[in-house]
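Hi there,

Here is the structure I promised to pass on to you. Have a look at it first, and then read my notes below.

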Amino acid sequence: MIVDEFIENPKMLSEFADQKIHWSNFLTLLHLLLIKHGERKFHLASTNKRNSKNLRDLADKLELKWKAVTGTSLFEYQKQATPLPQTVIDALSNEVNGTSTEGLLIAKDENALDSLEGSVFSDSNVGKILDYPNCCIDWYVNNRSSDREESYAYVMEYYSEGANTPVENIIQMMDECDATIPESRNRVEKIFNHIAESRETMPFIFFQPCDVCIVSYSFVPARKLNEKYANFAKENYPQLYEIIISEGKKDGEYYR
Ligand SMILES: [Zn+2]
């Protein structure tokens, strides 16, 4: 009943959704159903978005538990093609590490919610909490690290007055660069291709599949996970299964 109603009249649950493409809203519902059936442990979302209320209401309807949990941030960086200088790494770490961050956590019972209170909400830890495969988590962290390196190189080349520029100013300029700087364009295009392709071939997962998971057809973690969730949907909620596939195709076109 809840599922039929939602398909008829979907609510905004996810930052990835817009009013026309509800793929991520339908997939969020499926992931909550997976939690209800014990196939997943957690859903974690931002607490300050207007979607948050919709998400809490839906969790209540599904008789799941939710809580705004507080954790700490951690700067994660893996050296890539042109490693950042240690001074920049240290300054970024100082800025980020230990700062408090909040997330809306949904789980089946209160104990599961409490178990994550005070956790480190780094990219890779959040990935682990959400059952993402390690290969795809690493791929994401490496890409984020390349983002930093490319914006650093860009700032040094075009804006900075060389070695005399204070590290705080460099970091501020790096933050103001977005991912469309020319040095990043090819890599970002490749990420978008991964996303577009995964919406076609793996529409039951949220994360970006890594290089290995995107090209191989079987026995890779992302595809196995997609298949597990797809089978669950097909058996228990066939209409939701169909609409995630069709909406996933629409969402994928966004990235082409
Ligand atoms: Zn992978």
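**Leu55 and its surroundings**

Leu55 counts as buried because it has 25 C-beta neighbours inside 10 Å; a residue is buried if 20 or more other C-beta atoms lie within 10 Å of its own, exposed if 12 or fewer, and partly exposed in between, with C-beta atoms placed from the backbone. Please keep in mind that this is a predicted model: local features need pLDDT of at least 70 and side-chain atom pairs count only at pLDDT 80 or more, while totals for chains, interfaces and linings use all residues. Residues are numbered from 1 along each chain as its sequence is written.

Leu55 is found in helix 3 (helices are DSSP runs of H or I with at least four residues, strands are E runs of at least two, and both are numbered from the N terminus). Leaving aside neighbours within four places in sequence, Leu55 is in contact with Leu13, Ala45 and Leu104 (contact: C-beta atoms, placed from the backbone, within 7 Å). Its C-alpha atom is 9.3 Å from that of Trp66, 11 residues apart along the chain.

**The protein as a whole**

The protein has 12 helices and 3 strands. Its C-alpha trace spans about 65 × 35 × 35 Å along the principal axes. Buried residues make up 30% of the 256 residues.

**The cores**

The largest nonpolar core has 41 residues, and Phe26, Leu30, Ile106, Cys136, Phe204, Leu240 and Ile244 touch the most other members (such a core is a set of buried Ala, Val, Leu, Ile, Met, Phe, Trp, Tyr and Cys residues joined through C-beta atoms within 7 Å). Helix 2 gives the largest share of this core, 9 residues. Leu30 touches Phe204, Tyr229, Ala233, Leu240 and Ile244, not counting residues up to four places away in sequence. A second, separate core of 7 residues includes Leu84, Val88, Tyr152 and Ile170.

**Helix 2 against helix 12**

Helix 2 (residues 23–36) and helix 12 (residues 238–253) pack with their axes 8 Å apart, at an angle of about 145 degrees (axes are lines fitted to C-alpha atoms, for helices over the stretch in contact, and angles run from 0 to 180 degrees between N-to-C directions). On the helix 2 side, the residues making the contact are Trp23, Phe26, Leu27, Leu29 and Leu30. Helix 12 contributes Leu240, Ile243, Ile244, Glu247, Gly248, Lys250 and Asp251.

Best wishes

Terms used: Contact = placed C-beta atoms within 7 Å.
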